[in-house]
Amino acid sequence: MLEILKSRLLQGYRAGKFPRRAPVMPERFLGLPLIDNSLCQKDCSACLQTCPAGAIQKESDGGITLDCGKCIFCGKCARACKSGVIKFSRQHDLAAFERKQLLRRDASYSYELQPKPIIRQLCGRSLKIRQVSAGGCGACELDFNVLNTLAWDMARLHIQVVASPRHADCLLVTGPLSKNMLLALKKTYLSMPEPAFVIACGTCPISGGIFAGSEAVCDGIEEVLKPDLYLPGCPPHPASIMEALLRFMGRQMRPMEGDRENKAQKEDKAQEGDKKPEDSLKA
Amino acid sequence: MAEQFLILRNPGAAPLSELPILPFDEFRSQALAAIIGRKARVVAFFAYAHGAAQRLLLILASDQEGKLLLSSSEIEGAFESFTPSSAQFHWFEREIYEQHGIMPKGHPWLKPIRFDSPGSNADEPGVCEYFRLAGEAAHEVAVGPVHAGVIEPGHFRFQCVGEQVYFLEISLGYQHRGIEKMLRQGPDKKSLHLMETCCGDSSCAYSGAYAHLLESLQEDLCPTERTQVMRMIAWELERLANHTGDMGALANDVAFRPTMAYCGRIRGEFLNMTAELCGNRFGRGLIRPGGMGYDINDAIVAKLLPWLQASGKELRNALELLFSRAGVLDRFENTGTVDSKTAANIGMVGIAARASAQKQDLRSYHPYGWYRENPYEAAWAESGDVYARALIRYEEIKKSLAMLEPALKKLPPAEKNAATPPLSLQPKHIAVSMTEAWRGELCLCAITDEQGRFEQFKIVDPSFHNWYALAMALRGEQISNFPLCNKSFNLSYCGHDL
Ligand code: SF4
């Protein structure tokens, strides 16, 4: 018993400040891409040629469209572009309610912040999730699972993974939908009480991701299940997933960017003493 | 008849003309002789179409000699199964039958392993005959493919009498994405990314093996000393993250919450260190053929060193606590035992093999990259139970931590190296590259055509060897011990299914 207590002291209090405070993303993190089409050269297609996922399209009026729903965030296009059209910000907040909102042609951050009223009404306070992996590499599952560890602890925000689809509000799907998971995914969905919401977690369920075009996969779940939320990433960072889930529920956990001196943060500062330097985002 | 093999060292390549093509009987007897006489293991065994001909290719590893033995044979539609003589072949032969319809005659049951055409005659994945225990007291428990937690899909059938499991059958294939097929005709702009997503938690082991494979096929692609050290850092961070996560999960399965909670967080520290190197927690984009995608600068070293020390200390504390609890040890010991004879017979690899007294670790016996100059002493244990598999992880955590610190402190200086040359692989060659992923041996094998493109690409994930070991570990166990046994292996579905 004594050893357990001693160890508890050594390990310290490590719950993260996110989502009450913005997450601290790694220096080299590739988040929301910012496009400046005014710099785009007419006869250049360096980005298209280098993109492994076919996420970039050249438009007839010049300029490019980068489809975050196909992008695996490898950053090769930004390196290939000599004119600086594509830049990746460290913005982790990537989820959108509509597929077309994932098409990026500028540097705006204009994703719709309000949820659909029905979702907020039913899941605004608590969200029960059933997860199904449908192909993929397992990384999305791992970084979703991380939200159960003490540094993220999504249960404190009333988000919970449930064992049976019968108890779930929403289905969180990962993977490009392998043909071999088609039946199981359909059956899981049909076992859920209505309205069964669907979250596409990661680039794979949105478009097939890097596996798109393989005869063994369905290039995303869209043909079978219409997602209510799209979260690109390969895999999405845990902060992106948590932000997406809160967005889905219609919950605003901290003031908008720019409004720095606010109450929650003042409180945080007061508690700063008991906190180790880098624990804001380690899970 | 003198032995005929193409001998390679890991990673290695040779012109295809040096690969012996033997009459099948000779191919078979020489292979079996090497398995018995040289204690060689089956690393890969697969079929491929070469023009109109069908070929079998076998890669054996002789750990004590540090050599890979390759051989091949041409066949027509069928061959005499190896499985009755050596159980190591049984999963490979099921794969050959499923992928090519080539019949290994005498194999006990050629069930599909991925439910991928053409050998698979099932209508739906998992819908097929299963092993059945007959009798009034016998009952069957079927679980999956969708499980209660957040894990990948797989189907498990337990044949039980009361609480006791007589046989566990594991049916996979749900994660099948057709990666090997997509890699053919490469390398192209997708190849590296496909490698990184074969098995998401082993991205660095895969991208590293792939880099070595291409480097062995193209002379001017040669990694600098600094690159070698940085790759080792990526691999060992990956190992640390996964081993730490597994230790937490094992603690959870025996209801010891403190270590579970600590390890869950500390695993994230290692992932975040990797993200510090390349922006991605799984090391995507970090390793690439010929070099690295990102450099480690002084600022990163200065950040990582104290971080690593602090996390290492906390991790040791969490694990010492775990191993000091009588209740934990009582649950770990004698649970899910695979004895050393079985381990050798079925060709287990990696941590699970080392826990069952198999002295094998590619870093020691087939060293590659950094480990060539820096000998690594493999950890191993004898009891073959959950305890041994936990202990191996603990030992390897300590070893990885001990390797990382000095490496970060003494990174060789950056050389002004010219840009990586464009890929142009040697035509008509065969290459094999293996890395010790955190689960165990990962093998990639490529055969190039006249243009230097991949005519064949074979991937053998460590889990391919080890799923059957999990089934063996469950024999005679209580069914309630399944989660604990399963976690102690923590095998990959996507790596197996590809
Ligand atoms: S970052 Fe996205 S859009 Fe750019 S090259 Fe990579 S996959 Fe394509």
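Reply: B:Asp295 and B:Arg226 form a salt bridge, with 3.0 Å between their closest N and O atoms. The term means a side-chain nitrogen of Lys or Arg within 4 Å of a carboxyl oxygen of Asp or Glu. B:Asp295 sits in the loop between strand E13 (291-292) and helix H8 (298-323) of chain B, and B:Arg226 in helix H6 (residues 225-253) of chain B, so the bridge ties together parts that are 69 residues apart in sequence. Helices (H or I, at least four residues) and strands (E, at least two) are DSSP runs, numbered from the N terminus.

This is a predicted model, in which local features need pLDDT of at least 70 and side-chain atom pairs count only at pLDDT 80 or more, while totals for chains, interfaces and linings use all residues. Residues are numbered from 1 along each chain as its sequence is written, chains are lettered from A and ligands numbered from 1 in the order in which they are written, and side-chain values use heavy atoms, with hydrogens and water left out.

B:Asp295 is partly exposed, at a relative accessible area of 35%, whereas B:Arg226 is buried, at 10%. Buried means under 20% relative accessible area, exposed means over 50%, and partly exposed is in between (1.4 Å probe, protein chains only).

A second salt bridge joins B:Glu436 to B:Arg354, and here the closest N and O atoms are 2.9 Å apart. This pair also links distant parts of the chain: B:Glu436 belongs to strand E14 (residues 429-436) of chain B and B:Arg354 to helix H11 (residues 350-355) of chain B, 82 residues apart. Both B:Glu436 and B:Arg354 are buried.

B:Lys398 forms a salt bridge with B:Glu395, with the closest N and O atoms 3.6 Å apart. Both residues lie in helix H14 (residues 386-409) of chain B, three residues apart, which is about one turn of the helix. B:Lys398 is partly exposed, with a relative accessible area of 31%, and B:Glu395 is partly exposed too, at 29%.

Some salt bridges share partners, and these join B:Glu236, B:Arg239, B:Arg354, B:Asp361, B:Arg363, B:Glu396 and B:Glu436 into one network. Over all chains, the count comes to 35 salt bridges.

Now for the chain that holds these pairs. Chain B has 17 helices and 16 strands.

Of the 498 residues in chain B, 65% are buried. Among contacts in chain B with a separation of 6 or more, 67% are between residues 24 or more positions apart, a contact being heavy atoms within 4.5 Å. The C-alpha atoms of chain B fill a box of roughly 65 × 60 × 40 Å along the principal axes.
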